[in-house]
There are 2 protein chains.
Amino acid sequence: PDMESIAGAKDRNGQLTKPPGALGRLEELAIWYASWRDTDRPSIKSPQIIVFAGNHGVCAQGVSAFPSEVTAQMVSNFEHGGAAINQLAKTFGATLNVHALELEMPTQDFTTAPAMSQAEVVIALMAGWNAVDPKADLLVTGEMGIGNTTSAAAVAAAVLGGSAAEWTGRGTGVDDDGLARKTDVVARGLALHDASDPLEALRCLGGRELAAMAGAIGAARHFRIPVILDGFICCAAAAALEKAVSGSLDHTVAGHLSAEGAHDKLLEALGKQPILSLGLRLGEGSGGALAIGVMQAAVACHSGMATFAEAGVAAG
Amino acid sequence: PDMESIAGAKDRNGQLTKPPGALGRLEELAIWYASWRDTDRPSIKSPQIIVFAGNHGVCAQGVSAFPSEVTAQMVSNFEHGGAAINQLAKTFGATLNVHALELEMPTQDFTTAPAMSQAEVVIALMAGWNAVDPKADLLVTGEMGIGNTTSAAAVAAAVLGGSAAEWTGRGTGVDDDGLARKTDVVARGLALHDASDPLEALRCLGGRELAAMAGAIGAARHFRIPVILDGFICCAAAAALEKAVSGSLDHTVAGHLSAEGAHDKLLEALGKQPILSLGLRLGEGSGGALAIGVMQAAVACHSGMATFAEAGVAAG
């Protein structure tokens, strides 16, 4: 972050026509945003939402309530404007880009082999990096991939420690038997692979869309584009970055607390306080997209309000 | 609410391309909104924000960190587009209307006399009623009035019971001495007036902007316009309505939990779960306005998403 912009933005915030601190967390968000845009009076004009889609060999283990075909069907739904994320992008004036990552070639089942080869994970990381529009001024990374809460739980456990049971949740809505099966699958994946290195965790246990989100978050840092993290899967991918290089998520905020069981634990591990908590558990970047509105409001207040001096208001 | 629209909206919600319940509270909000718009597929095109301003005789007791002149100065700031609520209205495409209610004639100091006469409170209620645009499809009622957290605490205590200390908070930011003084002022107001009738509470302890918000919320019910309640002061005015006629807030949701101390207790008494909780304590309708974005997103998803059948997605 740019220290001069932080100082300038804090100074401006203190002069705006409101009691000190009366905009609560909006003030902190605006100052944080300014610090990555290298100005004390930023604006949000071009938010970008990217949804990466991938398929997962681990679906063979019966970990999802939906069949793998749904990944491609939902990509088609995104392309035709029919999904939740399309409506959210439209509501907040964001550009939506969808990248289907070799859906016809699922990752390997991580209970028997590494999910991806070295070449495959690098290609996915680069797909994510290249998907970011350098001119965007706010980024949400989302995903679609039947089976990917299983991969995300395995990545989170490998990167942050803890048992499979602590990180495995109900995803799109599996029952108790399904949850027990998922937990066992995650435990077997953790036992099979040496994933102490965070990028090895993404490769052996993750998926193309997880690696792509990590790549996109990295690119956003390069271009100084603030990022709103989405739910459990996005945060698991982000956790691998943070583990690889401490501080590498400083340009990100947590858009929401999802209903996926271990998301609160994951946010706590990342030191991120969610902006929203509305029980979403959809993926697609939906929780992050919903938080775009809050970021737009925070930045609009910060940069658009009059100061006490400008408005001729007594400062108390 | 219209039962047929609820049934239709629930049926539609169950067919949308997402796992059941995956949009969390957005689903409930969209169905609630539909029920007041008499359609299973509503839209939000014309949100209205109304800010009512009033001055308070009780300021003579030293209850605020700001002088009374700030009320008129902030009205001027609203009219020139420099306040937080202007930026929030612009961000979410809402119309903003500001009504200054006889600022040059503050209410009486309620520690010595009723704040308003019968005629005055009726005029304020009608000003609120008449301020609502019948063509609006979502309403936020906000306020500006130095001293009005003191009035709101007194109204809340009179309407809902409990001691002055339970309902009195720091408002725009008084210190410990100021808080003790405010609490004493509220206690003296409660002791002086027989305010067991909720409209008498508004008249004797409230203020013009509180009465106007109550009138506007009543008008919105008449026109079947859903309302997003703002913070402590708005909710205190709304509580008088609810006490007068049980169920009269069924067309309202709580936009946010503010940082004013007793707002959580007030929301609990109203049975309302806030949409946002970001530590705002500004008034002006700011927290309600911020929640417009969430309502727009909820309704956009509900009415804009494809069904499983339309999108050719397997329903799991």
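## Cysteines

A disulfide is a pair of cysteine sulfur atoms within 2.5 Å. By this rule, the count over all chains of this predicted model is zero. Cys59(A) is in no disulfide, and the nearest cysteine sulfur, that of Cys204(A), is 18 Å away. That distance, from the sulfur of Cys204(A) to the closest cysteine sulfur in Cys59(A), is too far for a bond.

Cys59(A) is buried, at a relative accessible area of 19%. Buried means under 20% relative accessible area, exposed over 50% and partly exposed in between, with a 1.4 Å probe and protein chains only. Cys204(A) also counts as buried, at 3% relative accessibility.

## Basis of the model

The model is predicted: local features need pLDDT of at least 70, side-chain atom pairs count only at pLDDT 80 or more, and totals for chains, interfaces and linings use all residues. Residues are numbered from 1 along each chain as its sequence is written, chains are lettered from A and ligands numbered from 1 in the order in which they are written, and side-chain values use heavy atoms, with hydrogens and water left out.

## Two domains in chain A

Chain A is assigned domain 1 (3-42 + 302-311) and domain 2 (47-298). Such bounds come from an automatic or database domain assignment. The centres of the two domains, taken over C-alpha atoms, are 32 Å apart. In contact (heavy atoms within 4.5 Å) are 11 residues of domain 1 and 19 residues of domain 2.

About 1300 Å² is buried between the domains of chain A, and carbon and sulfur atoms give 61% of it. Buried area is the accessible area (1.4 Å probe) that two parts lose on being put together, summed over both. On the domain 1 side, Arg25(A), Trp32(A) and Trp36(A) lose the most area to domain 2, together 50% of what that side buries. The rule finds one salt bridge across this interface. A salt bridge is a side-chain nitrogen of Lys or Arg within 4 Å of a carboxyl oxygen of Asp or Glu. Arg224(A) forms a salt bridge with Asp38(A), with the closest N and O atoms 3.0 Å apart.

## An enclosed strand in chain B

Strands (E, at least two residues) are DSSP runs, numbered from the N terminus, as are helices (H or I, at least four). In S1(B), residues 47-53, seven of the seven residues are buried, so the strand is largely enclosed by the rest of the structure. Pro47(B), Ile49(B), Val51(B) and Ala53(B) cover one side; Gln48(B), Ile50(B) and Phe52(B) lie on the other.

Two strands pair if DSSP finds at least two bridges between them. S1(B) runs parallel to S3(B), residues 138-144, with seven bridges. Here Ala53(B) has Met144(B) as its bridge partner. S1(B) also runs parallel to S2(B), residues 95-100, with six bridges. In S2(B), Val98(B) is the bridge partner of Val51(B).
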